[in-house]
Amino acid sequence: MSAPVRGPAVPTSPGLTPALVLRRLAVPAATASRRVLADRGGLVTSVVFFLLVSVVLSALWRAAAGPSGTVVGYTAAELTWYAFAAEAAVCTIDLRLIERIGEDISSGSVAVEMLRPLPVVAVRLAVEAGRALGRLVALVVVGSGVAWLLAGPPPDALHGLLALVSLVLGVVVNVAAQHVVASAAFRLRDVRATWFLYQKTVFILGGMLLPLEVLPGALRTLALWCPFMAMAYAPARLATGHGTALLLLVQVGWLVVLVAAAAFVFARGQRRLEVVGG
């Protein structure tokens with residue numbers, strides 16, 4: 001059985017309260033963020049990949065809109081900010097996170113992590129969110145500068161601030177959803193191909209590659225009712241100066257649902273490990 005490698009150990013103490021649990025989870029999350037920011041090589045690779053995709057995608061949308069035209073209500077400048085925000089929301093997370101979680105479950109690492117005083121899924125969510133948010137800082141700083149050079153300042157300052165909050169929510173929603181999907185490994189033992197299908201769904205239904213307004217009616221309605229829109233579309237739309245704070249409430253709603261779902265399926269999976277063995 002391989003040793004667990006997901007983040008630093010969490011301090012233990014009796015009588016855990018909700019406030020104490022949050023403080024304990026903040027420790028591995030903050031440590032994970034610092035480690036990401038300290039890994040200059042990995043950070044540079046992430047930023048370069050993000051810029052390549054964002055610059056190419058925004059150039060395509062600007063060409064589609066033309067110098068004075070629009071595409072589904074977005075100007076060329078707005079589409080540039082859309083592309084950079086959508087890419088930042090998704091590129092912050094490990095591409096193969098689902099596969100990595102599934103490997104830990106099937107190898108038995110999760111069984112060892114069950115010895116911790118806090119729920120396994122809570123610690124893992126904190127660590128992965130910390131890693132992603134640490135990377136998000138770099139992408140937002142660099143991406144905002146490049147988008148400004150290409151298309152001018154953000155369309156609206158207030159919406160820009162809302163977009164920053166939405167980016168954080170979108171990243172955490174994505175992390176929670178990937179833990180829900182990866183929990184299939186408790187039964188299937190092999191979810192290596194799942195990450196590919198998941199990412200492609202986020203690309204289309206999540207609005208990463210294109211605004212959801214571009215999709216035909218029925219598919220657009222489906223996308224707006226799925227949690228994927230809370231991952232990329234919500235922050236990207238706010239970054240364009242469109243949308244309202246209601247998008248943040250939608251993201252919070254999906255976050256609550258997905259965290260609860262992740263806690264439920266991991267608890268069921270852990271009970272299964274206790275009964276049939278890891």
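Author: Start with the surface. This is a predicted model. The protein exposes about 12,600 Å². Carbon and sulfur atoms supply 71% of that area. Of the 278 residues, 48% count as buried.

Now the layout. The protein has 12 helices and two strands. Along the sequence the pattern reads α-α-β-β-α-α-α-α-α-α-α-α-α-α. Among contacts with a separation of 6 or more, 79% join residues 24 or more positions apart.

Here is the close look. Helix 3 covers residues 76–91, and helix 6 covers residues 120–151. The two pack with their axes 10 Å apart. The angle between them is about 165 degrees. Angles over 145 degrees count as roughly antiparallel, so helix 3 and helix 6 are roughly antiparallel to each other. Their crossing is right-handed.

Which residues make the contact between helix 3 and helix 6? From helix 3 come Ala-77, Thr-80, Trp-81, Phe-84, Ala-88 and Cys-91. From helix 6 come Arg-135, Leu-136, Leu-139, Gly-143, Ser-144, Val-146, Ala-147, Trp-148, Leu-150 and Ala-151. By class, this contact has 12 nonpolar, three polar and one charged residues.

Next, helix 4. This helix spans residues 97–107. Eight of its 11 residues are buried, so helix 4 is largely enclosed by the rest of the structure. The buried residues are Leu-97, Ile-98, Glu-99, Arg-100, Ile-101, Gly-102, Asp-104 and Ile-105.

What does Gly-102 contact, leaving aside its neighbours within four places in sequence? Its partners are Ala-182, Ala-185 and Val-191. The C-alpha atoms of Gly-102 and Ser-183 are separated by 6.9 Å. Along the chain, Gly-102 and Ser-183 are 81 residues apart.

Finish in helix 12, residues 246–276, where Ala-260 is found. Ala-260 has a relative accessible area of 45%.

Notes. Residues numbered from 1 in each chain as written. Predicted model: local features only at pLDDT ≥ 70, side-chain atom pairs only at ≥ 80, totals over all residues. Heavy atoms only, no water. Helix = DSSP H or I, 4+ residues; strand = E, 2+ residues; numbered from the N terminus. Buried < 20%, exposed > 50% of the residue type's maximum accessible area, 1.4 Å probe, protein only. Contact = heavy atoms within 4.5 Å. Areas by Shrake-Rupley, 256 points an atom, 1.4 Å probe, with all protein chains shown as cover. Axes fitted to C-alpha atoms, helices over the stretch in contact; angles between N-to-C directions. Parallel < 35°, antiparallel > 145°, perpendicular 65-115°, else oblique. Left-handed = near helix turned anticlockwise from the far one by under 90°. Nonpolar A, V, L, I, M, F, W, Y, C, P; charged D, E, K, R; others polar.
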